[in-house]
Amino acid sequence: MSITVTDFHSHILPCIDDGSASVEESAEMLRREYSQGIKRVVATPHFYPQYNTPSAFLQKRALSAELLEKHISGDRPLPEIILGAEVYFFRGISESEEIKGLTIGEKKYILIEMPLPPWSDSMYKELEAIYTKQGLFPVIAHVDRYIAPFRTFGIPEKLEDLPVYVQANASFFIRKTTQRMALRMLKQDKIHLLGSDCHNMETRLPNLGEALEVIRNRLGEEAISRINSYEREILD
Ligand SMILES: [Fe+2]
């Protein structure tokens, strides 16, 4: 049996951000994930420090997850949901004790959404300080969004020197114009985790299965099992 990976980035929880708009839509997204062989989905609703406090966010997230759990209780098999957040980077994030509540599955890993490039040296330093000062290990969300569109091709090398993991979206591997770059980065171990970053069932669907097909065909099962080992380090 082939190895499957976790969807590490999703807006699958209902009515909490610009992702799923209802429990029905969330259930449909989960069914789609499962049909693609995805057994675990990390729910990462947006956390914006300017609009929310971590405690208010966590309350909303708990309520949303509870509503969804209730709705899908008789609906199995579906992927397991692990709670997390997509935390928007801000100045001083490395000093903020409160972000400790926003980690993935109560572990030391935290998904960070960066502002659009260019990134200053002090931003890279702040990323590093999240680890050195707080002991939290950043996972950079959808790295693909920051590279090709801005022609900032040096970002992967800079991240390689930091205590961070890097997540890429499935679309990076699916889109013909970026596929080669995506596969090269994965091969060079500059991408560690994958996510669909799915928001709904219309325009931003669960599509990790399609990316896994591309990776399997071009790089073989070995590439999938490497991603899988990073996931197990983070989640298990
Ligand atoms: Fe996202």
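**Iron site, sheet and salt bridges**

The donor residues of the iron ion follow the sequence spacing H-x1-H-x74-E-x110-D. Glu86 and Asp197 link distant parts of the chain, 111 residues apart. Glu86 belongs to strand E5 (residues 86-88), whereas Asp197 sits in the loop between strand E9 (193-195) and helix H7 (208-219). The model is predicted. In this model, the protein donors are His9 (NE2), His11 (NE2), Glu86 (OE) and Asp197 (OD). They lie 2.1 to 2.3 Å from the iron ion. The angles among the four donor atoms run from 81 to 161°. Ideal angles for four tetrahedral donors are 109.5 degrees. Glu86 is buried, at 1% relative accessibility. Asp197 is also buried, at 2%.

Arg204 is partly exposed, with a relative accessible area of 33%. Salt bridges with shared partners join Glu113, Arg145, Asp197 and Arg204 into one network. Arg145 is partly exposed, at 31% relative accessible area.

The count of salt bridges comes to twelve. One of them pairs the side chains of Lys158 and Asp121, at 3.4 Å, N to O. Lys158 is in helix H4 (residues 155-160) and Asp121 in helix H3 (residues 121-134), so the pair ties together parts 37 residues apart in sequence. Lys158 is partly exposed, at 39% relative accessibility.

Three strands form an open sheet in the order E1-E2-E4, with parallel pairing. Strands E1 (7-10) and E4 (80-83) are the edges, each pairing on one side only. The twist averages 30° from one strand to the next. Strand E2 (residues 40-43) pairs with E4 in the parallel sense over four bridges. Val41 stands opposite Ile81 in E4.

Ala27 is placed in helix H1 (residues 23-35). Ala27 is buried, with a relative accessible area of 1%. Beyond its neighbours within four places in sequence, Ala27 contacts Leu68, His71, Ile72 and Asp75. The C-alpha atoms of Ala27 and Leu78 are separated by 8.7 Å, although these residues are 51 residues apart along the chain.

Terms used. Residues are numbered from 1 along each chain as its sequence is written. This is a predicted model: local features need pLDDT of at least 70, side-chain atom pairs count only at pLDDT 80 or more; totals for chains, interfaces and linings use all residues. Side-chain values use heavy atoms; hydrogens and water are left out. Two strands pair if DSSP finds at least two bridges between them. Helices (H or I, at least four residues) and strands (E, at least two) are DSSP runs, numbered from the N terminus. Axes are lines fitted to C-alpha atoms, for helices over the stretch in contact, and angles run from 0 to 180 degrees between N-to-C directions. Donors are N, O and S atoms within 2.8 Å of the metal (3.2 Å for Na, K and Ca); water is not among the atoms, so sites may look incomplete. Four donors count as tetrahedral if all angles lie between 85 and 135 degrees; four count as square planar and six as octahedral if opposite donors are over 155 degrees apart and all others between 65 and 115; anything else is irregular. Buried means under 20% relative accessible area, exposed over 50%, partly exposed in between (1.4 Å probe, protein chains only). Contact means heavy atoms within 4.5 Å. A salt bridge is a side-chain nitrogen of Lys or Arg within 4 Å of a carboxyl oxygen of Asp or Glu.
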